[in-house]
Amino acid sequence: MKGLRWRYTRLPSQVEDTLSGQEGEEEEEEEEEEEEKEAAPVPAPAPEDPVEPQLAEASQILGASEIRQLSLHLPPRVTGHSWSLAFCTARDGFSLRSLYRRMEGHSGPALLVLKDQDGQMFGAFSSSAFRLSKGFYGTGETFLFSFSPQLKVFKWTGSNSFFVKGDLDSLMMGSGSGQFGLWLDGDLYHGGSHPCATFNNEVLARQEQFCIKELEAWVLS
């Protein structure tokens with residue numbers, strides 16, 4: 001009868017079990033940290049500084065901060081273009097006809113900026129120079145804006161194409177339901193602003209009816 005052979009297997013102690021368990025947890029944590037690092041989104045590169053417009057002369061209405069803010073909303077095709085002061089009430093008087101005359105020969109985009117008697121600043125960007133017209137003209141680049149005090153820009157909604165219309169007695173921008181987003185009278189003294197379908201804008205001034213204190217029309221070319 002053959003003798004029995006016994007095989008002994010060494011069982012891990014409680015201390016070894018604990019250590020091995022801790023090592024396993026640490027490895028899992030390291031793996032999770034590596035996965036989180038790999039999954040973390042890569043930050044987008046910082047946008048390049050916008051090219052600030054060059055003004056042929058200083059504005060009596062807009063400061064450097066307002067000009068910088070407005071330039072961010074201008075169409076790319078005019079980025080970096082110089083601003084030429086075609087008309088201002090301080091120099092050319094309060095007359096819409098004078099504004100039209102000063103705009104003659106210009107076809108490029110124009111920026112209308114005004115300040116009312118309450119000190120509110122607002123205006124409009126037109127894809128074309130302001131002129132007399134039988135009907136509305138312009139493109140979807142046209143927009144209204146106001147500083148109250150932060151800049152608010154009201155872009156084209158696509159509802160209609162009532163961008164700009166120039167009469168001898170008034171200049172109108174944006175329309176709908178018989179209301180104009182911005183209109184000025186022939187003397188460039190009284191004006192009005194109402195919500196309109198073209199731009200879905202707020203009232204640009206503090207009140208729907210206002211009196212103009214200063215007005216500037218810039219040609220961007």
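Leu 188 sits in the loop between β8 and β9 (190-192), where strands are DSSP runs of E, at least two residues long, and helices are runs of H or I, at least four, all numbered from the N terminus. The model here is predicted, so local features need pLDDT of at least 70 and side-chain atom pairs count only at pLDDT 80 or more, while totals for chains, interfaces and linings use all residues. Residues are numbered from 1 along each chain as its sequence is written, and side-chain values use heavy atoms, with hydrogens and water left out.

| Residue | Phi | Relative accessible area |
|---|---|---|
| Ser 177 | near 60° | 78%, exposed |
| Leu 188 | about 50° | 0%, buried |

Buried means under 20% relative accessible area, exposed over 50%, and partly exposed in between (1.4 Å probe, protein chains only). Ser 177 is in the loop between β7 (170-176) and β8 (179-185). There's also a cis peptide bond between Ser 148 and Pro 149, with omega about -10°; Pro 149 belongs to the loop between β4 (143-147) and β5 (151-154).

On to the inside. A nonpolar core is a set of buried Ala, Val, Leu, Ile, Met, Phe, Trp, Tyr and Cys residues joined through side-chain atoms within 4.5 Å. The largest one has 32 residues, and Leu 99, Phe 130 and Leu 184 have the most contacts inside it. β10 gives the most to this core, five residues. Leu 99 touches residues including Phe 87, Phe 130 and Leu 188, leaving out those up to four places away in sequence; contact means heavy atoms within 4.5 Å. Another core, of 19 residues, lies apart from that one, and Ile 67 and Trp 83 are among its members.
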